[in-house]
Amino acid sequence: RWEQALYSWSNRNINDRIQNKIITSLLAMPEEVFEKCLHSIGCWASHVSNGISDYDQNLYLVCCRMKEMSKNKEYSTVSHGEDISFWRINHPVGAMTETVLNLWFATKPQVDSSLSGSCKEFFTEICDKSIDSFKAGRSTLASNIISLYQVDRKWTEAHLLPFFDWNNKEEAKSAWSGFLSISQIYHLILMPLKENLLDTAKHFDELGNDKERYAQLLTYAAL
């Protein structure tokens, strides 16, 4: 019942009063029910946070609950030939990371202001390479790397850029998929990525639907 309702609410706009009641219910929901609804909660959360104008602490807490429940969960990995972008967007961890990114954007972060507070803690934990189930979250962060790099270059270089290294193929594939989904490239981000960007040519066939975008990026970088 909850799953159906959440998917339904994901496809339409609801007023703030009802939305707050949903969030309160999710925070009080029994663990077994919450776990069963992870996909639908992620879908709903990313929908309601899209274009949000104010940071919502309770919605952040819903994402934290999803994160804690996802740590030791075995999610299906990307199968050969699967569209990684589709996998990332529809993955519970990808959706909850997208939600926290939207909450972060609602704080109107400024260039070189540095990440701070709860969002920084959340993103840092998503970048914990020992937690394999967070891979979709790292791919989602990679799709927003320009904003993260502009706000906090040191954090991005320390926590996110290492996933673009092809020494770990699965991580690199999902990170590059996220990066290549960006419509406009910020040239300064190409400098710290240069070595891995060139190395990606050796893994061209593994880029799937992102091959054309990579070729365009390589051409841009050469100009």
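**Core and loop residues in a predicted model**

Visitor: Which residues does Trp-176 touch, not counting residues up to four places away in sequence?

Guide: The model is a predicted one. Leaving out residues up to four places away in sequence, the contacts of Trp-176 include Phe-164, Trp-166, Leu-193 and Asn-196.

Visitor: Which residues touch the most other members of the largest nonpolar core?

Guide: This core holds 65 residues. Trp-176 belongs to the group in question.

Visitor: Is Ser-49 buried or exposed?

Guide: Ser-49 lies in helix H4, which covers residues 38-49. A residue counts as buried under 20% relative accessible area. The value for Ser-49 is 1%, so Ser-49 is buried.

Visitor: What distance separates the C-alpha atoms of Ser-49 and Leu-101?

Guide: Along the chain, Ser-49 and Leu-101 are 52 residues apart. Ser-49 also contacts Leu-59, Thr-99 and Asn-102, its neighbours within four places in sequence being left aside. The C-alpha atoms of Ser-49 and Leu-101 are separated by 9.0 Å.

Visitor: Is Asp-112 buried or exposed?

Guide: Asp-112 is located in the loop between helix H7 (92-106) and helix H8 (117-126). Exposed means over 50% relative accessible area. Asp-112 has 58%, and therefore counts as exposed.

Visitor: What is the phi of Ser-114 near?

Guide: Ser-114 is also found in the loop between H7 and H8, where it is partly exposed at 38% relative accessible area. Most residues other than glycine have a negative phi. Ser-114 has a positive phi, near 75 degrees.

Conventions: Residues numbered from 1 in each chain as written. Predicted model: local features only at pLDDT ≥ 70, side-chain atom pairs only at ≥ 80, totals over all residues. Heavy atoms only, no water. Core = buried A, V, L, I, M, F, W, Y, C linked by side-chain atoms within 4.5 Å. Buried < 20%, exposed > 50% of the residue type's maximum accessible area, 1.4 Å probe, protein only. Contact = heavy atoms within 4.5 Å. Helix = DSSP H or I, 4+ residues; strand = E, 2+ residues; numbered from the N terminus.
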